[in-house]
Amino acid sequence: MKKVTRIPDTVADTAETAKGFLAGFKEFVSRGNAMELAVGVVIGAAFSGVVNAITDKFINPLVAGLVGEPNFDDVLAFKLGSAVVQPGAIITAFVNFLLVALAVYLLIVIPMNKLHRKNEEDQEDDDQDEQLVVLTEIRDILKNGEDPHTVTTSH
C-alpha cells in the first residue's frame, strides 16, 4: 500500500508546519558546525584577496625574474586551427597552487599549530594540577584516619 503524504488543508496546519521548519532551521544554524562553516566561507572569501596579491605581486614577478615571463602559459603552446592550445597554463596554475600552499603553510598553518600545542600543554598542566590537589586530599584523609565516605572535599 502506498503511503500518502497529507497536504496541510488549513491555515493552522500550514502555520504549524512553518514553525517546525523554522525551529529545525534555527537548530541547524545554531549548531557549531554550521556557524564554523559560515565563518570559514567568509574568511575564505576575504583571504582570496591575500592569495591574489601573493600570486600577482610576489610569485609571478619572481617567476618572471627566474624564467623571463611571469607564467608558463606559452610553454608548449600550439595552434589547432584558429584556436591556441596552452598546456603551459596548467603548469602555471599548478606552480601557483604549490607556491600559495607553501606560503599559507609557512604563514598560517605552522604558527597556528604552535599556538594549539601551547594551549594543549597549558590545559594538560591545569589537569595535572587538579589531579594533584585531589590526590593530596585523598592522602590527607587516609593519613588522618578519617572515613573517606563521610568526608567532603573542596571538589
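I began with D140, which is partly exposed at a relative accessible area of 30%. For this term I took buried as under 20% relative accessible area, exposed as over 50% and partly exposed as in between (1.4 Å probe, protein chains only). The model is predicted, so local features need pLDDT of at least 70 and side-chain atom pairs count only at pLDDT 80 or more, while totals for chains, interfaces and linings use all residues. Residues are numbered from 1 along each chain as its sequence is written, and side-chain values use heavy atoms, with hydrogens and water left out.

I then looked up the partner of D140: its side chain meets that of R139 in a salt bridge, 2.9 Å from N to O. The criterion is a side-chain nitrogen of Lys or Arg within 4 Å of a carboxyl oxygen of Asp or Glu. By this rule I count one salt bridge. R139 is partly exposed, with a relative accessible area of 48%.

Next I turned to the largest nonpolar core, which has six residues: I54, I59, V63, F72, V100 and A103. Such a core is a set of buried Ala, Val, Leu, Ile, Met, Phe, Trp, Tyr and Cys residues joined through side-chain atoms within 4.5 Å. Helices α2 (32–67) and α3 each supply at least two residues of this core, and α2 gives the most, three. I took helices as DSSP runs (H or I, at least four residues), numbered from the N terminus.

For I59 I set aside neighbours within four places in sequence and found contact with I54, N96, L99 and V100; contact means heavy atoms within 4.5 Å.

Last, I located A101 in helix α3 (residues 88–143). A101 is partly exposed, at 33% relative accessible area. Its C-alpha atom is separated by 9.5 Å from that of V51, 50 residues apart along the chain.
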